[in-house]
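Here are my notes on this one, in numbered points. Have the coordinates open while you read.

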Amino acid sequence: MSESDRPFSNSPNGAASSDEPNPSASDDAAGRESTAGGDASDAPAPPPTDTLADPTAADDVEDALQPFIGHYPAWAQELARKYFTKTVAEFILHGDVRDLVPTKDAEGNTTYVSLHSFLVDDLFAARDAVIFYDRSAGIHFADDASRADFSRAVSGYDSIFGTDYQNKLPKEPSQVFQLLENYLRLRLSDGKRIAVVIDYAETIAPMAEASMYSAEDRRALVFLQKWSRDSLFVESDLTVCLITENLTDLNQQLVQSPHTAEIHVPIPDEADRKRFIDTSLIGSRSTFDAHSDVSPSNLAQNTAGLNYTQLRSIVADVLENKNRLTFDTLSELKKEFIEAEAYGLLEFIETDYSLDLVAGHNEAKQHLRQAARALRAGRPDVMPMGYLISGPVGCGKTFLITCFAGEIGIPMVKLKNFRSQWQGVTEGNLEKILNLLEAMTPVAVMIDEADAALGDRDASGDSGVSQRVFSQIVSFMSNPKHRGRVIFFLVTARPDLMPVDLKRQGRAEEHIALFYPHTREDREELLQVMMRRTNVDVPMEEIPDELLDGKRTYSGADMEAILTRASFRAAGRDDGVVTPDILRETVNDFIPPTYPTEVELQKLAAVLECTSRDLLPATYRDMDRADVVRRVKELQMEIG
């Protein structure tokens, strides 16, 4: 049996040398230092090992690394720098990991390849073996040489333990990791340089409560934790990469371990998108210009949130299918791509409405128009981090923000229900959404029923899901770089149920309170808006006084319901027209749902939350706040 055919050894000292020659002195110099920079034989001399080990020489190391990694994307450079510290060998790649990666080809031209190809041909090009593993494909290799070397070692293992892994490699994690560990100990002791890439890592070490882990999951997790700490693995030329889209889908013991490093692969920004478009149009610019109303620069500017793969689809549709690209087409494509990428949990708010369609709420409209002017003028620094929009049911909170979306000049999306019954899926959904929002900036985000959607730091009974969701949201909202770039609108009728951490300054800073119309002029304006919406045309002087005298409070929703019922009654007539008599009959017949206690609580809670005295109607502006607080507590106890 040759040395390289020896069975795996559990002891690194028990592994004999391979029958292949030991690395030469030049190979040693190109060991750990060269792994991030392609073929060491063609590259400048790497920095000496002792320089890398000296933290005071960090600047020298950075300069020495640039010839190897300068053309890599920022995340790959970060991985290389952390690897060269010789303190970590296990990395978690997360984010836009299914996208293309920019690099240079043999002629020095920019090209875009899959992450798999980038790892094999660039980041780990100098490795003696690159091994890939995922649950579906099992173990596979970057080249035939790696496969042959692994097969020789496995044949020795089979001869000792009576297995048949040489003919059929296992796919289950615990068996795979046992083979890999023995192979790694043997070859690393021989001075070999190895990379192990574990894709879809969340299926191997998923996020779950410890009690929910199977024996198989526990063994896989122990292997990964052990590899990240093992001195042989850390000190040798080994890199283990775990790949997952969402960091929260992965076991948090791995994520939070000081022995692993998380590397975020971001969605391309505008400059990245522009470079990709320009590269894609080399030799095809005239064809693109002939079939596109959107210039390459405008295409880069208007595709925030899209990755290289999605951009390639847009450009290819123009170049290959000769389909005309208009701004409307681009807007629709972007909407489809992002909503699909967010699993349907983000919905673009597209409206032709403006704040002119909002009846009443004059102070709120004035404030929002000022915010819209600031955004259009490019002054995100003066914008609040977010808004809290509160008020009783039916007062037009959602409609106000929808109309505002038509004025701000930036996209607005609505965050839909991202919660799931399955362990870990809720946090993964939210991470995906937040990463997309960060890439889409500037963007406004509306969260309806925010008191129920966002959870609470003190919530219990759901295995900590609400606490983790809350932590993700508040951390994202309070990031200073998001000011004026990701603007949250938290809409709720019960702001008193929302935790203070969400409502404080630095998150939802501006609190706007909305109420039912208080004057006849406001009620007439609201009714006119609702008549336009429901296509009812009755002269104002013939409107039943009961609808406008203020003796009964009608919300906008109530008025819309009355007008719709009147249209229903009129549908049985020959002309189908709503007459004053039909409208009067409908008003007299209408009995609005009665929940006065809840509505009073919602009104007073909005009064307490409002951060501007000017935004409060005169009725509430001079109320004693101590009396309001006392009454709110009474109503809360009464409702329960």
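**Notes on the model**

1. Let's start in a loop: Y200 sits between β6 (194–198) and α8 (215–229), with helices (H or I, at least four residues) and strands (E, at least two) taken as DSSP runs and numbered from the N terminus. Phi of Y200 is near 50 degrees, a positive value in a residue other than glycine. At 39% relative accessibility, Y200 is partly exposed; on this scale buried means under 20% relative accessible area, exposed over 50%, and partly exposed in between (1.4 Å probe, protein chains only).

2. Some ground rules before going on. This is a predicted model, in which local features need pLDDT of at least 70 and side-chain atom pairs count only at pLDDT 80 or more, while totals for chains, interfaces and linings use all residues. Residues are numbered from 1 along each chain as its sequence is written, and side-chain values use heavy atoms, with hydrogens and water left out.

3. Now the overall picture. The protein has 27 helices and 14 strands, and 50% of its 640 residues are buried. Take the contacts (heavy atoms within 4.5 Å) with a separation of 6 or more: residues 24 or more positions apart account for 75% of them. The accessible surface comes to about 28,800 Å², of which 48% belongs to carbon and sulfur atoms; areas are from the Shrake-Rupley method with a 1.4 Å probe, and for residues only the protein chains shown count as cover.

4. Back to backbone geometry. Most residues other than glycine have a negative phi, and most peptide bonds are trans. K86 is another residue to check, with a positive phi near 60 degrees. K86 is placed in the loop between α4 and β1 (90–95) and is partly exposed, at a relative accessible area of 29%.

5. Where is the cis peptide bond that joins T441 and P442? P442 is in the loop between α18 (425–440) and β12 (443–447), and omega for the bond is about -5 degrees. I'd look at that spot in the viewer.

6. On to charges. Side chains of opposite charge can pair when their charged atoms come close. How many salt bridges does a search of the whole structure find? The count is 38, a salt bridge being a side-chain nitrogen of Lys or Arg within 4 Å of a carboxyl oxygen of Asp or Glu.

7. E78 is partly exposed at 26% relative accessible area, and K82 is partly exposed at 30%.

8. Helix α6 (residues 144–161) holds another pair, D149 and R152, three residues apart and again about one turn of the helix. Their closest N and O atoms are 3.0 Å apart in a salt bridge.

9. D293 is partly exposed at 44% relative accessible area, as is R324 at 43%. Elsewhere, salt bridges that share partners join D149, R152, R187 and D190 into one network.

10. S257 is worth a click. This serine is in the loop between α10 (252–255) and β8 (260–265) and is buried, at 8% relative accessible area. Its side chain reaches the backbone nitrogen of H259 at 3.1 Å.

11. Last stop: D589, in helix α24 (residues 580–589) and partly exposed at 45% relative accessibility. The side chains of D589 and R569 are joined by a polar contact of 3.3 Å. Such a contact is a pair of N or O atoms within 3.5 Å; within protein, one must be able to donate a hydrogen and the other to accept it, and residues adjacent in sequence count only if both atoms are side-chain atoms. D589 and I562 are 27 residues apart in sequence, with 9.3 Å in space from C-alpha to C-alpha.
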